[in-house]
Amino acid sequence: MALKIEQVAGLKVPDSFIGVIVSAVANGGDSVGTAKAVTLNFRDPDYSPEAGGFHPVEVRLEKKATSWQLIYITDFSYQGRHTPELIKEIDVCFSIKQVYHFLAGWLNAKEGKELLDLFISNFVKYYNTGCYQVTVTTE
């Protein structure tokens with residue numbers, strides 16, 4: 001099934017990222033068929049506070065008429081010295097067209113675009129190395 005993803009003006013992602021999403025859904029074995037939402041979880045099974053690794057990433061899509069719309073992309077990382085916790089490091093919210101970083105808060109449009117571009121570029125490269133296990137959940 002072809003997954004048509006509608007881009008949001010102001011926070012566009014490159015075709016390489018769309019390709020990752022389409023590939024992950026296709027390889028996930030789950031049919032999006034009549035689903036109204038799809039959540040993709042990208043996990044490096046070796047990622048830990050001690051060893052580092054590739055941050056977990058979650059992407060959510062929701063069905064809008066005949067296409068899918070990106071709702072959010074969230075990058076998680078372990079933070080804290082004595083008892084590290086997995087927290088949102090980067091959060092891209094397409095509905096409000098803003099990007100959040102845990103050290104800086106909500107970024108202005110220019111900074112948000114720059115961080116999104118860098119994050120997406122790195123994520124696509126990491127995905128292409130095969131470091132992630134992907135879980136596709138439909139609702």
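Is His101 buried or exposed? Before I answer, please keep in mind that this is a predicted model, in which local features need pLDDT of at least 70 and side-chain atom pairs count only at pLDDT 80 or more, while totals for chains, interfaces and linings use all residues. Residues are numbered from 1 along each chain as its sequence is written, and side-chain values use heavy atoms, with hydrogens and water left out.

His101 counts as buried, because its relative accessibility is 15%; here buried means under 20% relative accessible area, exposed means over 50%, and partly exposed lies in between, with a 1.4 Å probe and protein chains only. His101 is found in strand E6, residues 98-101, where helices (H or I, at least four residues) and strands (E, at least two) are DSSP runs, numbered from the N terminus. If we leave aside neighbours within four places in sequence, His101 is in contact with Glu89, Ile90 and Leu115, contact meaning heavy atoms within 4.5 Å.

Not counting residues up to four places away in sequence, Ile90 touches Ile73, Thr74, Asp75, Val99, Tyr100, His101, Leu115 and Phe119.

Helix H1 can be described in a similar way. H1 has 13 residues and reaches 18 Å from its first C-alpha to its last, close to the 18 Å expected. Phe17, Ile18, Val20, Ile21, Ala24 and Val25 are the buried residues of H1, and they cover an arc of only 155 degrees around the axis, which puts them on the same side of the helix. On the other side of H1, Asp15, Ala26 and Asn27 are exposed. Among the elements that cover the buried residues of H1 are strand E1 (5-6), strand E8 (133-138) and H2.

This brings me to the largest nonpolar core, which has 37 residues; such a core is a set of buried Ala, Val, Leu, Ile, Met, Phe, Trp, Tyr and Cys residues joined through side-chain atoms within 4.5 Å. H1, strand E2 (37-43), strand E3 (57-64), strand E4 (67-79), E5 and H2 each supply at least two residues of this core, and H2 gives the most, with 7 residues. Those with the most contacts inside the core include Phe17, Ile21 and Phe42. Phe42 touches residues including Val20, Ile21, Ala24, Phe123 and Tyr127, not counting residues up to four places away in sequence.

Finally, the cysteines. Cys93 counts as buried at 18% relative accessibility, and Cys131 counts as buried at 14%. The structure holds 0 disulfides, a disulfide being a pair of cysteine sulfur atoms within 2.5 Å.

Methods. The expected span of a helix is 1.5 Å times one less than its number of residues. The arc is that of the directions from the helix axis to the C-beta atoms.
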